[in-house]
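I opened my notebook to record what I could look up in this structure. I wanted to see what sits inside and what pairs with what.

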Amino acid sequence: MGDKDKEKEQLMNKTIKSEELYRLIAVNTSDVITLHKFNLKATFTYISPSIKSSRYEPEELLGKSPFDFVHPNDKKKLFSILKDYINVKLKKFFTGKELPTTGRIEFRFKDKDGNWRYVQSTVNIVGNKLLFITRDITDYKKAEEIIKQSEKKYRTLFENMPGAYYRADKDGNLIMINSEGAKLFGYNSPEDILGKNTSQHLYFTPEERKKYLKELEKNKGNLKDFEITLKKKDGSHLIISDTSHYYYDKEGNIVGIEGIFVDITERKRNEQLQQVLYNISKAANSPISLNQLYKTIHKELGTIIDTTNFYIALVDEKEDKIFFPYNIDNTKPIHLPRTINHNSLIAYVIKTGKSIFVNQEMIKGKKFMMEFKEWFGILRKVWLGVPLKIGDRVIGAMAVQSYTNPELYTEKDIKLLEFVSSQVATAIERKSSEERIRHLSFHDSLTGLYNRAYFEEELKRLNNSRFYPLSIVMLDVNGLKVVNDTFGHHEGDRLLQHLSQVLTSVSRQGDILARIGGDEFAILLPFTTSEQTREFCERIKKVCQQDKIEPIYLRPNISLGHTTQGGEYKDTNSLLKEADRNMYQDKLFNGKSREKHFLEAFRIVLAERDPHTSDHAQRLQELALSLGKRVGLTEYQLGNLKLLALLHDIGKISILDSILFKTYILTPSEWEKMREHSRIGYRMAKNIPDFAPIAQEILYHHEHWDGTGYPDGLKGEKIPLLSRIISIVDAYDVMQSRRPYKGPITKTKALKEIKSCAGTQFDPQLVEIFLKIVKNNASRERK
């Protein structure tokens with residue numbers, strides 16, 4: 001054998017060993033090694049066995065393009081790098097120059113189970129093929145995301161700490177406080193409060209600070225959830241939960257105190273309200289007499305508002321009179337029965353179903369109050385009355401008043417009394433008449449669930465240690481009446497039926513589901529602990545919150561309460577009352593979200609029916625507020641005016657599209673149906689506490705100054721002021737907007753039309769002010 005043959009044989013052996021080495025690497029590495037055709041499809045021509053980690057066999061992918069397995073959003077990345085490599089190849093062909101060929105990309109690759117896996121590939125040109133070395137980085141990505149979320153969580157926690165983190169030196173001077181802490185005490189920034197002495201600026205007296213220090217020392221320098229009352233910059237009270245401790249220098253000497261203040265003022269107030277509601281409910285379900293119930297109501301309300309002078313008025317529907325079964329009044333100990341049309345504020349509250357807050361100055365300043373001036377007299381300084389309602393039926397009213405202090409009550413007290421009035425009315429109604437239990441069939445005909453009679457029998461049967469722990473869930477549908485009044489009872493029935501399906505879907509086979517009232521449901525859960533019941537309630541709430549049923553008002557908004565019967569026996573009434581009390585607590589803490597739910601539902605329904613509604617409402621708010629401020633409305637009235645601009649036409653939700661969007665003249669019968677929208681809007685607003693203050697304004701916003709408007713033909717100043725304002729700005733904006741029945745007109749023509757209708761359709765004084773506002777706005781725009 002010649003030297004050349006030996007060299008050739010050695011080279012061949014070396015090549016074989018090299019190929020064997022590369023093959024061993026490819027076979028044994030956890031990275032996936034693949035070769036691809038050099039084109040934009042990059043078809044697989046070789047795949048290492050490690051592809052099995054994605055549950056594919058190499059043969060399944062050979063001849064296929066990786067684009068078939070890459071996430072749609074990542075295909076551009078792969079296409080871009082392939083395009084770059086082709087350009088490199090072309091440049092080498094034309095210029096003969098070698099260019100850098102190593103590239104790296106990250107993309108998502110679908111495994112055989114359909115899961116998207118994050119991978120990272122290093123790409124090189126090998127001869128006439130592309131070499132991909134690919135590594136699965138899914139776990140790394142997950143870990144990276146967890147770290148990001150953790151960092152975000154703790155950063156957000158620090159930046160939005162719900163309370164005041166503070167540090168004070170040994171003398172009580174503040175040397176550190178966060179932004180939330182400064183705001184908590186009424187300061188604009190930490191700089192405004194740093195350096196101030198806590199005894200002088202946060203405590204009402206230095207002695208109270210000393211009591212706190214004594215308690216801290218007593219607990220060896222550590223306090224947790226210690227309740228104290230501090231003061232804000234404006235002097236108002238702030239109930240605080242304090243968690244604090246000493247901090248020390250390097251030598252171990254106490255150099256100051258640091259801790260966290262958490263504002264629990266609202267929580268304590270809510271707890272107090274909750275206790276009042278519970279005590280009234282408890283009294284209503286106890287064997288006491290009706291007269292004793294009145295005394296209990298008076299006593300409980302006295303813990304949240306001054307009830308020195310307090311009385312309850314009820315309606316005798318048969319006699320059409322108002323009588324006063326309970327009255328505590330230092331100046332006027334007796335209130336004689338009177339007709340519902342009597343010229344008094346209590347009669348007005350009962351007749352209109354609206355709360356009234358008024359003092360001596362307001363009785364002089366509000367024109368619609370002038371008719372009550374004589375009744376109000378000069379001795380009475382301030383009066384506050386709220387209706388007592390069962391559903392939408394007014395059964396009476398309750399009132400507080402003062403003959404000495406005109407500032408004893410504020411507008412906030414209206415909301416406070418309105419909040420408890422429903423429970424008071426319910427308690428009185430329950431105690432006033434004893435209802436007999438109606439024995440019905442076992443199932444509720446509407447929902448298919450068990451009925452109340454069956455539920456109560458099952459509760460008696462299951463209230464036995466053999467079925468313990470036994471849990472009860474009470475559930476209330478918020479706003480069912482609003483849905484019924486707005487969209488019809490058939491839609492309210494759909495809501496109840498849909499909720500029953502939701503409850504059935506999350507319940508177990510042995511659970512007892514019942515509809516026990518119009519908007520009330522109850523569930524019996526035998527062999528279920530308190531923790532399991534809490535988790536069950538959370539599942540119900542989560543399903544309701546994630547519900548996507550259309551229309552939006554069919555998505556259940558509920559209040560839940562539950563209790564568990566454990567080892568010690570409790571009678572069924574006690575169990576139901578405890579669950580009911582917890583439901584009322586849930587209703588208390590989620591009141592604002594309910595109002596927001598209805599406002600959003602109404603807004604969406606209006607916008608879906610008329611896309612111009614949102615812009616129209618925005619323009620109305622701006623014009624109405626300008627006019628309202630010019631005529632001297634209070635902040636409370638301006639808030640109502642802003643809400644009125646949004647909801648004045650809310651009643652049109654119930655008007656047929658064929659009438660609402662008709663492009664030519666309405667027939668008399670169609671016009672009558674269209675005019676009903678103001679009454680419909682009134683009923684809707686009246687049944688939602690946050691909208692109730694503008695219910696009457698919605699009703700009368702189409703009345704005319706000369707008495708030719710609708711629905712009641714009110715004339716002049718008998719039309720509510722806010723209704724008169726909205727009437728002008730609404731007409732002005734509508735005239736300039738395109739409507740199904742007419743095209744828009746110019747601003748000049750619209751102003752001319754408004755002016756020509758002053759004294760007939762519109763309040764002439766308001767028109768004069770409105771024209772000046774628009775003129776001034778136009779002048780500013782030109783400048």
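**Entry 1: the model.** I noted at the start that this is a predicted model.

**Entry 2: strand β17.** I asked how many residues of strand β17 are buried. I found that eight of the eight, residues 470-477, are buried, so β17 is largely enclosed by the rest of the structure. Then I checked which way they point. Leu470, Ile472, Met474 and Asp476 point one way. Ser471, Val473, Leu475 and Val477 point the other way.

**Entry 3: partners of β17.** I looked up strand β20, residues 558-565, and it pairs with β17 in the antiparallel sense over eight bridges. Strand β19, residues 520-525, also pairs with β17 in the antiparallel sense, over six bridges. I followed Ser471 to both partners. In β20 it stands opposite Thr564. In β19 the bridge partner of Ser471 is Leu525.

**Entry 4: the largest core.** I found 74 residues in the largest nonpolar core. Leu475, Ile540, Ile754 and Phe770 have the most contacts inside it. Helix α27, residues 721-735, gives the largest share, eight residues. I listed contacts of Phe770, among them Leu623, Ile728, Tyr732 and Ile754.

**Entry 5: a second core.** I noted a separate core of 54 residues, which includes Ala284, Ile356, Met362 and Ile395.

**Entry 6: helix α9.** I looked up residues 265-284, which form helix α9. This helix has 20 residues and reaches 29 Å from its first C-alpha to its last, close to the 28 Å expected. Its buried residues include Leu273, Val276, Leu277, Ile280 and Ala284.

Note on methods
Residues are numbered from 1 along each chain as its sequence is written. This is a predicted model: local features need pLDDT of at least 70, side-chain atom pairs count only at pLDDT 80 or more; totals for chains, interfaces and linings use all residues. Side-chain values use heavy atoms; hydrogens and water are left out. Buried means under 20% relative accessible area, exposed over 50%, partly exposed in between (1.4 Å probe, protein chains only). Helices (H or I, at least four residues) and strands (E, at least two) are DSSP runs, numbered from the N terminus. Two strands pair if DSSP finds at least two bridges between them. The expected span of a helix is 1.5 Å times one less than its number of residues. A nonpolar core is a set of buried Ala, Val, Leu, Ile, Met, Phe, Trp, Tyr and Cys residues joined through side-chain atoms within 4.5 Å. Contact means heavy atoms within 4.5 Å. Lists of a residue's contacts leave out its neighbours within four places in sequence.
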